[in-house]
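Please look over the structure below. The briefing that follows goes through it topic by topic.

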Amino acid sequence: MFKLKYTTRIDIALVITLFLPVFWEQLASIALTMISSMISTNIDTNFLNATSLVGSVFGPFTTLYGCIASGSAILISQYIGAEDEEKSRSLFSTSMIIGTFISVLITAVVILFHNPILRATYPDMSESFFENANIYAVFYALTLPMGFFRTNMIGILRGCLNTKGPLYISLFGGVVDIALKWIFMIVLEMGIVGLGIASVLTNLIFTLICAFIISRTGNFKGCTLHCFRLYKADVAKETVKIGIVMCIQSFLVSIGALIMNKILSSMGDNHVSAFSVTTSIESLTYIVPMALCYVAQILAGKHTGAGDKRQALDISVWVTMASTAVHIIMSVFAFIFAGNLVSMYTDNKEVVRIATETLRIGIPFMAIAWSAGNVLPAGIRGMGNVKFPAAVITLSLWIYKIPATWYACSFLQYGAQGRMFVYAFESVIYGALFAGYAVYVNKKIKKEKANEGISA
């Protein structure tokens, strides 16, 4: 059905070219983040609690400006495929104006109201926690506009088929982050204030690097200096139209995740720790598929913009198949050595037992269905349809996943193992629905071409 045409073979070569920098970027990001967290944790574990809980409380706020970055990342590849230079330049400037406005408003809210929000969310935490959290929340708020700049510019760079730029940004920025934390927290012993200063400076340097690279990419020269002149209402409307859907999805998913964490926490610390370890190990098997998500979206958008939806669908399907094959290979090793991998995280025998069982429940399902439920939807989004993936993910979460998690954990008392089974089975649901949608779109494209032939 999805024939491998000559143009698709060319795309597969392009997939490899685009994929490798994204893969190394993700791998480097994981390693650098681990080192950065170790610096903070080894000084005072309270710092880690403060930063992680501040992020969990105010993280959903970032979906409000993240929607603009998501919309521009999807649209830019379509404009590039259509060779529309005017809209490409306008998209960059328009998205920067809207996203900056939203992120500055969020920054003001966090700075003004962080203390009552934190105390209302975590009323049982100690005063030492609030002392650290309130200090870090102010610095966290200051990073939000810069975080949007970075996210938006990296998305646009990828949409322009430039995946090397984000790799260099991630590598340099990660090294700078570690160096600044070492200077401010270890050498100068500035504690949580040093952590906050390092975070702000790192984000500032990230932003400047992104601006430098994008100013030398394609036709974006001068865009940063002429944002208001290049603003276009029709481009803003397209960006916001896609962004709102992505925003609603992200917000509802983040709220759903908090509810499921609350359900699992009733099973005790061992099950919470076991599930955390399991998801951390599973994330290693996702490195290649996650990188291919970006590639599928970029190329699908490029072909859609060029008016070739059939090619956009074909490449999305083939990238999904390749992702599944790699995922299966990596999952076999994770399944065989599950106990050894878990033991690297903890020496608690009960946690090791629960996590090993949980990992082995999830791996077979994930290996087969994860790519169809994540890589293929990325291609569908690249083709301009963000509503169907958002509807599937959101409805599945609230209609199936949350009630099923409550039933498995609270009623059946299966804990981490039960939650993983629910999670794994959901990936099968996703995979089946998106595969079915791909078949539907394929038939629709064939019918449209047949009708065009008749009318001609």
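Ile380 lies in helix H14, where helices are DSSP runs of H or I with at least four residues, numbered from the N terminus. Ile380 is buried, with a relative accessible area of 3%; buried means under 20% relative accessible area, exposed means over 50%, and partly exposed is in between, using a 1.4 Å probe and protein chains only. In sequence Ile380 and Gln297 are 83 residues apart, but their C-alpha atoms are 7.3 Å apart in space. This is a predicted model, in which local features need pLDDT of at least 70 and side-chain atom pairs count only at pLDDT 80 or more, while totals for chains, interfaces and linings use all residues. Residues are numbered from 1 along each chain as its sequence is written, and side-chain values use heavy atoms, with hydrogens and water left out.

**Helix H14**

- Helix H14 covers residues 349–382 and has a kink of about 50 degrees centred on Met366; the bend at a residue is the angle between axes fitted to the seven residues ending there and the seven starting there.
- Of the 34 residues of H14, 24 are buried, so the helix is largely enclosed by the rest of the structure.
- At the start of H14, a side-chain oxygen of Asn348 comes to within 3.0 Å of the backbone nitrogen of Glu350.
- Gly384 follows H14 and has a positive phi, near 105 degrees.

- A nonpolar patch on the surface is formed by Ile328, Ile329, Val332, Phe333, Phe335, Ile336, Phe337 and Ile368, which together have about 770 Å² of accessible area.
- Patches are made of residues with over 30% relative accessible area and no salt bridge; like charges are joined within 9 Å, and nonpolar side chains (Val, Leu, Ile, Met, Phe, Trp, Tyr) within 5 Å.
- Accessible areas come from the Shrake-Rupley method with a 1.4 Å probe, and for residues only the protein chains shown count as cover.
- Helix H12 (residues 309–336) gives the most to this patch, with six residues.
- Phe335 is in helix H12 and is partly exposed, with a relative accessible area of 34%.
- Leu313 is also placed in helix H12, but Leu313 is buried, with a relative accessible area of 1%.
- Leu313 and Gly301 are twelve residues apart along the chain, and their C-alpha atoms are separated by 10.0 Å.

**Salt bridges**

- The whole structure has six salt bridges, each being a side-chain nitrogen of Lys or Arg within 4 Å of a carboxyl oxygen of Asp or Glu.
- One of them joins the side chains of Glu238 and Lys87, at 3.5 Å from N to O.
- Glu238 lies in helix H9 (residues 233–265) and Lys87 in helix H4 (residues 85–121), so this pair ties together parts that are 151 residues apart in sequence.
- Glu238 is partly exposed at 29% relative accessibility, and Lys87 is partly exposed with a relative accessible area of 24%.
- Another salt bridge links Lys181 with Asp177, whose closest N and O atoms are 3.7 Å apart.
- Lys181 and Asp177 are four residues apart in helix H6 (residues 164–187), a separation of about one helical turn, and both are buried.
- In helix H12, Arg310 and Asp314 are four residues apart, about one turn of the helix, and their side chains meet in a salt bridge (3.2 Å, N to O).
- Both Arg310 and Asp314 are buried.

**Cysteines**

- A disulfide is a covalent bond between the sulfur atoms of two cysteines.
- The structure holds zero disulfides, counted as pairs of cysteine sulfur atoms within 2.5 Å.
- Cys293 is buried, with a relative accessible area of 12%, and Cys409 is buried at 0% relative accessibility.

**Positive phi in loops**

- Glu83 is not a glycine, yet has a positive phi of about 55 degrees.
- Glu83 is found in the loop between helix H3 (63–81) and H4, and is exposed, with a relative accessible area of 73%.
- Gln413 is not a glycine either, and has a positive phi of about 60 degrees.
- Gln413 lies in the loop between helix H15 (387–411) and helix H16 (415–455), and is partly exposed, with a relative accessible area of 49%.

Methods. Helix = DSSP H or I, 4+ residues; strand = E, 2+ residues; numbered from the N terminus. Polar contact = N/O pair within 3.5 Å; in protein donor to acceptor, adjacent residues only side chain to side chain.
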